[in-house]
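Here is a short briefing for a first look. Keep the sequence and the model side by side as you read.

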Amino acid sequence: MTRPRAPLAVARAGIALAVQALPHRADRDRYGRELVAELHGLPVAAQLQHTAGVLSRVLCLRAALAAARSDDEEVGMTSTRNPRSWRCRLLGWHAWTPRSNPDGGRFQQCARCGTDRGPVSNLPTSTPPWPDHAR
């Protein structure tokens, strides 16, 4: 019985080169580990073939990751944004953009740091937790 084969150095280097094309460090780390893990147990020829396939398709992976990030931003997920831009944090210069929630409420959000400003109007469609001025 043969032991599982560890990834070749040239295959690991090819994977490392491929993931350098990915835009975010978290993506590079994640996909680098996943793609090297797929090499374990493969014969030498299969490792080289897999690495060549990864190198040839890395731009497609980059485009898919960019599209997924832009979809998340359109939905309103701010986890990929800069937590606090220095302009926002130090100077209070936010880049306010109008947004709406799924219920139809309107609010403004900073395009750089993702901070919510509040309702655009005092109409009942404005999003909570702002106080009700009808009392």
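Predicted model: local features only at pLDDT ≥ 70, side-chain atom pairs only at ≥ 80, totals over all residues.

Residues are numbered from 1 along each chain as its sequence is written, and side-chain values use heavy atoms, with hydrogens and water left out. Helices (H or I, at least four residues) and strands (E, at least two) are DSSP runs, numbered from the N terminus.

**Helix pair**
- Helix 1 (residues 9–19) packs against helix 2 (residues 25–39) at an angle of about 155°, and their axes lie 9 Å apart. Axes are lines fitted to C-alpha atoms over the stretch in contact, and angles run from 0 to 180 degrees between N-to-C directions.
- The two helices are therefore roughly antiparallel (angles over 145 degrees).
- Contact (heavy atoms within 4.5 Å) involves several residues, including Ile 15 of helix 1 and Tyr 31 of helix 2.

**Hairpin**
- Strand 1 (residues 96–100) and strand 2 (residues 106–110) run antiparallel, joined by 5 bridges. Strands pair if DSSP finds at least two bridges between them.
- Ser 100 has Arg 106 as its bridge partner in strand 2.
- The hairpin leaves 5 residues between the strands, and Gly 104 in the turn has a positive phi of about 100°.

**Gln 109**
- Gln 109 belongs to strand 2.
- Gln 109 is buried, at 6% relative accessible area (buried means under 20%, with a 1.4 Å probe and protein chains only).
- The Gln 109 side chain reaches the backbone oxygen of Gly 114 at 3.3 Å.

Key
Buried < 20%, exposed > 50% of the residue type's maximum accessible area, 1.4 Å probe, protein only. Polar contact = N/O pair within 3.5 Å; in protein donor to acceptor, adjacent residues only side chain to side chain. Parallel < 35°, antiparallel > 145°, perpendicular 65-115°, else oblique.
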